[in-house]
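The exercises below are to be worked with the sequence and the structure at hand. Each task is followed by a solution in steps.

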Amino acid sequence: MEPGEIHALLGENGAGKSTLMNVLYGLYQPDEGEILVDGKPLKLKGPSDAIGAGIGMVHQHFMLVPVFTVTENIMLGAEQIRGGIAGFLDRRRARREVTEVSERYNLRVDPDAVIEDLPVGIQQRVEIVKALTRDVDLLILDEPTAVLTPQETEELLTVMRSLKAAGKSIVFITHKLGEVKAIADRITVIRRGKTVGTASPEASRDELAALMVGRNVRLTVDKTPATPGEPVLEVAGLVVDDDRQIRAVDGVDLTVRAGEVLGVAGVQGNGQTELIEAIMGLRPALAGTISLAGDRINGWKPKRVLRAGVGYVPEDRSVDGLIKEFSVAENLVLDIYDRPPFGAGLALKPDAIAASAKERIEQFDVRTSSADAAVGTLSGGNQQKVIVARELSRPLKLLIAAQPTRGVDVGSIEFIHSQVIRERDIGTAVLVVSSELDEVIGLADRIAVMYRGRIIGIVGPDTPREEIGLLMAGIGPDAAHDAIAAPAADKPGAATAVDKPAAADGGPASDAGSASEDEA
Amino acid sequence: MSTMAVPDIAVAPVDEGFWTRSRKVGLTLLALGLLSAVLFGALATDQQARFTLSDDAAGAALEINGTIGAILFGIITIAAGAALLAGVPKRWFLPVLGVGLVAFVLSFLCWQVSAAPTGQNFMPLVNIIRGTFILALPLIFGALAGVLCERSGVVNVAIEGQLLMGAFSGALFGSISGSVWVGLVAAAIGGAFISLLLAVFAIRYLVDQVVMGIVLNLLAVGVTGFLYERLMQTDAAKYNSAPRFSNWEIPLLKDIPVLGPALFRGNIFLYLGLLLVLVIHIGLFRTRWGLRTRSVGEHPIAADTLGVKVLRVRYRNVLLAGVVAGIGGASYTLALYSFTKNMIGGKGFIALAALIFGRWNPTGALLAALFFGFADQLATYLGAINSVIPSQFLAMLPYLATILAVAGLVGRVRAPAADGKPYIKG
C-alpha cells in the first residue's frame with residue numbers, strides 16, 4: 001500500500017478477502033507470515049494494536065451499538081476521560097471531536113442521534129468518522145456498498161476520493177467490478193485465499209472477472225424474449241406489518257403472468273421480505289387480496305400454498321430454506337416427504353428418497369461428497385442448488401425466488417439463473433426479489449421497484465440503471481404522494497410505468513446483459 | 001460533497017390508532033379507581049383511619065374518615081385514569097400513573113385500617129417504611145448484582161445462590177473471628193465464589209447461562225445446608241453467632257420527621273445499599289467502565305473491534321455482582337438473624353423480578369425492590385389486623401407485577417441485546 005492510494009481487493013464471496021483484512025485489523029491471528037508497516041514487521045495482538053498502528057476498518061456488518069448515540073459509539077474504546085481514576089466520560093469534548101472530524105471531511109452526522117434511528121447510509125458515515133477520529137492512515141472498507149442505494153454508493157465514492165486527497169490510504173474490498181473500475185488506483189484479485197493477480201483499473205471487466213473466478217464466465221443471462229400468458233399471481237392492495245408491528249408493505253398491487261419473470265428491486269428493508277412472506281402464508285396480510293391462478297389464497301397455510309404449485313426459494317437459506325443438520329437427500333424432500341413415493345402412512349421410504357436424491361444431485365450439479373452428507377457442510381452455492389433442486393422438482397405455477405444467489409459463487413449463480421429462466425420458458429410465472437440490482441435487471445422481463453412498502457414504479461429491463469436507482473431511493477413519478485421533498489423528482493422521465501411485459505419493449509438479452517456484468 | 005440529496009430511508013411511523021399504551025393504561029386505572037371508590041368505599045367503616053407518624057398508635061397522625069377516604073382516593077385514581085385516557089403529554093405519563101396507583105393503594109388502606117378491630121384503626125408509618133426498606137434490602141443488593149452481570153451480557157439467575165452463600169460465609173467467618181468486618185469481607189468472597197463459577201462456566205465453557213444459574217442456586221442450597229447441619233449446629237455458639245452491626249444514627253438526617261426514625265437510624269447495609277444504587281447508576285451511565293460494560297452487553301463484537309476486552313469486562317462484572325450479592329446476603333446474618341438453612345427463601349428470584357421490572361436500570365431496580373418490599377410489609381401488617389385479604393395475595397404481587405412488566409404494560413422492557421449470549425472470538 002502506498003500513502004494516498006485506493007487499493008481495491010477484488011474476489012468472489014469466500015475468496016478470503018474479509019479474513020485477510022480481519023487479520024490485518026488484529027481480529028484474527030495469522031498462522032504464518034508477517035505484516036509490514038513502513039518496512040517494520042508488525043505484531044497485532046488485537047484491534048487496539050491495529051488502531052495504534054494507524055489501521056482502521058469499516059466492517060461489512062456495521063460495528064455500532066444500536067442503542068448508543070453516535071458520540072458514544074465513536075468514543076467507545078478511546079474514551080475522553082476526566083476525574084482521574086473514576087473515569088468519568090467527557091462527553092462534551094468527545095462531541096466536539098466528532099463535530100470537528102465530520103466537518104473536516106464533510107461527513108455530516110448528528111452526534112446525539114441514536115444509531116438505531118439512522119438509515120444505513122448514515123450509519124456507514126458514522127463508522128468512517130469513528131475510524132477517522134482514531135487518526136488512521138489506512139482505512140479498510142469491507143464491502144461498503146452492499147447495503148447502499150446507487151446514489152448512496154456514489155456519495156461514498158466521493159467521500160473516498162476526498163479521503164484520498166487528504167492523504168489517507170484506503171483498502172476497498174468488493175466483488176463489484178463497476179465500482180472498482182470507478183475508483184481504484186490499483187487492484188489485487190484474490191481467489192481461494194491466494195493473490196492471483198494485480199491489475200490496473202484500465203483492465204476490462206471481462207479480464208477482471210476471469211481473474212476472480214479463474215476461468216471465463218458468461219456475465220450475461222441468456223434468454224429469449226418472454227411470452228407472457230395468463231396472470232398467475234395477482235396481488236391487490238396488500239398491507240403487511242413486520243415483526244415490530246410496523247407497516248412494511250403498504251398497499252402493493254402486482255401481477256405476475258405465466259411465462260414471465262417479474263423482478264422486484266429495492267434497497268433491503270423496504271418491504272420485500274414481508275411481501276413474499278405474506279404471499280407464502282408465513283405472515284398475515286392485514287388488508288388486500290392475494291390470488292393464485294384465480295384462487296384467493298389469503299390466510300392459507302404455507303403448506304397449502306406450496307401444494308397449490310408455488311415454489312419458494314427463501315432469502316436466507318440458513319434460516320428458512322434448509323435444515324443444516326439434515327442430509328442432502330432429506331433436505332431434497334422436505335416439501336413432499338409425506339407423499340408417495342417418499343412416504344406412506346407413518347413411514348418414510350429411504351430407498352425412494354435416496355434414488356431421487358441421486359438424480360437431483362446430478363441434474364442440478366450439486367457438489368457434495370454424498371447424498372448423506374449434512375447440508376451444512378456444503379458450500380453456499382451448493383446449498384442454494386439443493387434448495388433450487390427441491391423447489392423445481394415439483395410442477396409449479398409460480399416460482400418465488402428471494403435473493404436467489406446471495407452468498408453464492410459465480411459458477412453457481414450462472415447455473416441458478418439458467419434454471420430460473422428455464423422454468424420461465426416452460427410457462428411458470430416467476431417472481432424474483434433481489435437487492436442486487438444487476439441480478440434483477442439480468443433476469444427480469446419487468447422490474448417493479450419497491451420503496452417504503454410500495455411499488456414506486458414498474459419499468460422494463462432496458463431502463464437505465466440510474467433511473468432505477470432513483471426509484472430505489474424513492475424519487476420517481478409516484479413519489480409525490482409519498483410526501484418526500486425530492487429535489488430530483490422533477491427530473492424528466494426518471495421512470496415510466498410500464499405495465500406491458502418487457503417483450504413489447506424489445507428488451508432482449510443484449511440490454512440486460514451489459515448491465516449485469518457487475519454481478520461477478 | 002454530495003451530488004444529490006437522497007432522502008433518508010426510514011421506517012414508516014407506527015400508526016397506533018386511538019388505543020395507545022397511555023390510553024390502555026388509563027382505562028385500566030379508571031377501572032381500578034371505580035373498583036376502589038365503589039367497593040372499598042362500601043366496605044370501609046365510619047371509623048377514623050389513622051396513619052400515625054410513629055412506631056405505634058401514639059403521637060401525631062394523619063386522620064381521615066374511612067368511608068370518605070376510600071371514596072376520595074378512589075376518585076383521585078379515576079381522575080388520573082381519565083386524564084391518561086383523554087391524553088396527556090408524554091412526560092406526564094409516569095407522574096400521573098404514579099399518582100393514580102398511590103391513590104389506589106391509599107383507598108385500599110383507608111378501607112383496611114377503618115375496618116380493623118376497634119383500637120387497631122391505625123397504621124404506624126415509621127414502622128411500615130422501615131419494614132419496607134428492610135424487606136427490600138436483599139432485593140436491592142440482589143437486583144444490583146443482576147444489573148452488573150446482565151448489563152455486561154451474562155444472565156444472572158444465580159442471585160439466590162450468591163445471596164445465600166454471602167449470608168452463610170458472613171455468619172460463619174463472622175462467628176469464628178468475632179468481627180463483623182471479617183464477616184462482611186467473607187460474605188463478599190462467598191458471593192464472588194458463586195459468581196466465579198458462573199463466570200468460568202458461562203464465559204469460558206459456554207454453558208447455558210440460565211441452566212448454570214439454576215444449578216448454582218441448588219449447589220449453594222446444598223453446600224450451605226450441609227455445612228449448617230454438620231458444622232454450625234454442632235456448636236452454634238462458636239460457628240453461628242456472628243456479631244451484628246449496630247445501628248448507626250446519622251446526625252441531622254435522623255431528625256427528619258418520619259423518614260429520620262424510619263431510615264437514618266438503621267444499619268450499615270441500608271446505607272450501603274442506597275449508596276450502591278447511586279454509585280452503580282452513575283458508573284453505568286457516566287463513566288468509561290459503564291460505557292464499556294454496556295457496549296459489551298449490547299454488541300460485544302463492536303466493542304471488540306474497538307479494543308475493548310470483552311471477556312475481561314464480563315469476568316470483572318460477574319465477580320463484582322457476586323461481591324454485591326454476597327454483601328446483600330450478609331445483611332441478614334450480620335444484622336438481623338443467625339443463619340438458617342435456605343434462609344434466603346426465594347428472595348433472589350424476586351430480586352431477578354425487580355431487575356426486569358426496573359428495566360435493567362439501578363434506579364428502576366431500587367424502585368421495584370421497594371415496591372416489592374412494601375407489598376411484603378403490607379402483608380405482615382394486614383395479618384396483624386386480621387384483614388380479610390389473605391396475605392398470600394400480596395405475596396403474589398412481585399411475580400404478578402413482573403408478568404405485567406414483561407407483557408409491556410410499563411413500557412417496552414428491553415434486555416441488553418447480548419444478554420445470555422456467549423461471546424466467541426473469531
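Among contacts in chain A (C-beta atoms, placed from the backbone, within 7 Å) between residues at least 6 apart in sequence, 69% join residues at least 24 apart. This is a predicted model, in which local features need pLDDT of at least 70 and side-chain atom pairs count only at pLDDT 80 or more, while totals for chains, interfaces and linings use all residues. Residues are numbered from 1 along each chain as its sequence is written, and chains are lettered from A and ligands numbered from 1 in the order in which they are written.

**Exercise 1.** Determine over which residues of chain A pLDDT stays under 50.

Solution. Begin with the chain average: pLDDT (the predictor's confidence in each residue, from 0 to 100) averages 81 in chain A, and 88% of the residues score at least 70. Next, locate the stretch in question, which is residues 478–520 of chain A. The model has 107 contacts beyond four places in sequence for this stretch. Finally, where pLDDT is low, the predicted coordinates should not be read in detail.

**Exercise 2.** Decide whether Gly39(A) is buried or exposed.

Solution. Apply the criterion: a residue is buried if 20 or more other C-beta atoms lie within 10 Å of its own, exposed if 12 or fewer, and partly exposed in between. Gly39(A) has 5 C-beta neighbours inside 10 Å and therefore counts as exposed.

**Exercise 3.** Classify Met123(B) by its C-beta neighbours and list its contacts.

Solution. Met123(B) belongs to strand 3 (residues 122–124) of chain B. Because 22 C-beta neighbours lie inside 10 Å, Met123(B) counts as buried. Leaving aside neighbours within four places in sequence, Met123(B) touches Phe51(B), Leu109(B), Val113(B), Ile128(B) and Tyr381(B).

Methods
Two residues are in contact if their C-beta atoms, placed from the backbone, lie within 7 Å. Helices (H or I, at least four residues) and strands (E, at least two) are DSSP runs, numbered from the N terminus.
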